[in-house]
Amino acid sequence: MKWRVVLFALLVSHLIIQFGEYLISYESKSGKGSGKTPASKPKVKTTPKEAQTYLTQVVNKGRFQKVGDTLTVQAGDTLELRCKGNPVQWAVPAYLEEDDEGRLRTVQHERYGTLILANATAADTGEFTCYPMYCEDKDCRKQYDKGVKVFIFFSDPQELFVPSADYYKVIQLRTNWPTVLPCQVTSPQAKVTLHREFPPMEVKVDGREISFDIKKGFTIHRPKQYHAGSLHCVASLGNLRQSSTTYMLIYVNYPAAPPYPAIQTPSDTVAVGQNLQVTCTVIGEQDVVVDFTWEYPGQKIGRPLYTQDSVQTVQVDGQNRQRTQIILLVDEVREVDQGTYTCTAQNLEGSRSASTTVNLQSARTTTKPKKP
């Protein structure tokens with residue numbers, strides 16, 4: 001029996017020794033018991049994300065809905081929008097900026113701005129934008145890249161098009177410049193077609209040459225001569241069918257760049273008493289009007305300007321080009337005609353100039369023919 005007690009005591013002593021060694025090993029690894037503080041992991045600073053600006057519509061008191069790209073509101077209703085941010089600034093359609101009759105007001109709250117439009121009409125249809133403002137002290141500016149936009153249709157069962165005071169509108173078609181026919185509807189459900197008045201026919205809208213955007217109207221992407229004329233839009237919704245303002249499209253062949261004039265004379269030197277011709281030439285696009293103006297020494301004494309001009313089609317690198325040319329004529333050159341001649345050519349895109357200098361050969365140095 002005694003040997004069992006001795007054996008048990010030895011086993012317990014062995015276990016205590018092993019546990020003590022384990023504690024010493026743990027403290028040395030963790031730094032405890034040595035006065036050392038274990039190295040802590042560096043804290044990563046996190047920058048809070050900037051709050052994103054967004055629009056909501058107040059449907060009823062306490063009820064809100066997030067606004068998408070477009071929104072439809074019935075004419076006669078009150079529109080209330082909220083925009084997160086402080087401060088914010090609003091942009092509204094031009095009609096409301098000019099005359100809102102006191103129906104429009106904006107209020108800035110602590111965390112958001114509010115836009116309220118009472119008794120909305122079809123004419124209010126357009127784009128509404130909320131811009132968050134960046135402020136330093138009292139200096140604030142719009143953050144255009146963070147603006148939030150919504151196009152709002154104010155649907156009126158009696159007005160399919162946004163009302164206009166113009167019976168017809170003149171629009172200039174410029175070569176290779178997209179042209180918009182702004183026949184804006186008040187309902188996104190309206191079906192809109194484009195029509196020519198003479199001869200009366202519907203214009204094909206293929207999405208490439210001519211396209212339609214419910215928020216803008218029809219766009220002629222690359223205007224040509226045959227697009228000119230009187231056109232109008234027709235909108236239909238249910239049993240209602242209405243026509244828009246008539247658009248008078250006038251085609252102007254706009255050049256791609258200002259003209260490049262070249263100026264030349266038969267010789268840099270001309271004898272007194274001889275006639276002088278200074279030629280200015282522009283090679284460019286066909287059917288583009290080029291206007292010329294001159295600056296010449298004789299202007300100082302009121303010497304009259306005599307010119308000859310011409311327009312011809314010429315071949316340049318296998319393509320038809322237009323050569324517009326003007327010749328300045330100076331009869332019986334005098335000393336006052338010596339100096340710099342400048343030709344300025346101008347088209348609808350701009351102007352450029354070219355100059356040349358004419359020197360006079362005096363009568364003393366002129367070689368006279370020998371008498372027989």
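The largest pocket lies between domain 1 (54–155) and domain 2 (168–252), because both give residues to its lining; these domain bounds come from an automatic or database domain assignment. The model is predicted, so local features need pLDDT of at least 70 and side-chain atom pairs count only at pLDDT 80 or more, while totals for chains, interfaces and linings use all residues. Residues are numbered from 1 along each chain as its sequence is written, and side-chain values use heavy atoms, with hydrogens and water left out.

A pocket here is an open set of points on a 1 Å grid over the protein atoms alone, where a 1.4 Å probe fits, with protein on both sides within 12 Å along at least five of seven lines, and its lining residues have an atom within 4 Å of a point. The largest pocket has 24 lining residues, and those nearest its centre are Val162, Pro163, Ser164, Pro182 and Gln184. The helix α2 (94–98) and the strands β8 (126–136) and β18 (240–243) each supply at least two lining residues, with α2 giving the most, namely three; helices are DSSP runs of H or I with at least four residues, strands runs of E with at least two, numbered from the N terminus.

Although Arg321 and Gly284 are 37 residues apart in sequence, their C-alpha atoms are 5.8 Å apart in space. Beyond its neighbours within four places in sequence, Arg321 is in contact (heavy atoms within 4.5 Å) with residues including Gly284, Glu285 and Thr313.
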